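Good morning, and thank you for coming. Please look at the sequence and the structure as I show them.

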Amino acid sequence: MSFLVLRAYLKLIHFDVYLARGNFSALYQKVRNYPPGSQAPAADAVEQICSAVDMACIWYWKEALCLQRSAATACLLKKYGVPAQMVIGAQHMPFKAHAWVEVDGRVVNDKPYTPQIYAVLDRC
């Protein structure tokens with residue numbers, strides 16, 4: 001498990017660089033075009049990866065926002081053969097944007113009712 005936490009931590013750093021540069025487009029393209037893993041996913045891959053990202057966020061030196069956390073989660077899931085999608089949504093009044101990850105239409109790194117709160121703008 002510790003190796004997976006390290007990978008998640010490195011992904012958080014990777015996507016933090018995109019956000020620090022204000023390069024949302026590059027972050028979006030990186031997640032959208034991330035190559036899927038060639039192996040079949042383990043039965044507990046989703047739970048293991050989401051737990052590893054959560055643990056990495058605890059140890060991260062600053063708050064990992066939802067976009068950074070979801071980008072890291074989606075890419076790790078894809079790397080381990082899970083067909084994940086990062087979803088970006090918005091709420092109109094008051095305006096709030098949010099990102100989360102879904103696998104087969106099921107939210108895996110946030111509350112299950114998240115899609116009911118935010119209008120989905122895009123999936124990548």
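What share of the contacts in the chain with a separation of 6 or more comes from residues 24 or more positions apart? The value is 66%, where contact means heavy atoms within 4.5 Å. This is a predicted model, in which local features need pLDDT of at least 70 and side-chain atom pairs count only at pLDDT 80 or more, while totals for chains, interfaces and linings use all residues. Residues are numbered from 1 along each chain as its sequence is written, and side-chain values use heavy atoms, with hydrogens and water left out.

The chain contains 5 helices and 4 strands; these are DSSP runs, numbered from the N terminus, with helices (H or I) of at least four residues and strands (E) of at least two. In order from the N terminus, the elements are α-α-α-α-β-β-β-α-β.

Let us turn to the sheet. The 4 strands form an open, antiparallel sheet in the order β3-β2-β1-β4; two strands pair if DSSP finds at least two bridges between them. Because β3 (106–107) and β4 (119–123) stand at the edges with a single partner strand each, one side of each has no neighbour in the sheet. Strand β2 (residues 96–103) pairs with β3 over 2 bridges in the antiparallel sense, and glutamate 102 has valine 107 in β3 as its bridge partner.

Finally, of the 124 residues of the chain, 44% count as buried, that is, under 20% relative accessible area with a 1.4 Å probe, protein chains only. The C-alpha trace spans about 40 × 30 × 25 Å along its principal axes.

Definitions and conventions
Buried < 20%, exposed > 50% of the residue type's maximum accessible area, 1.4 Å probe, protein only.
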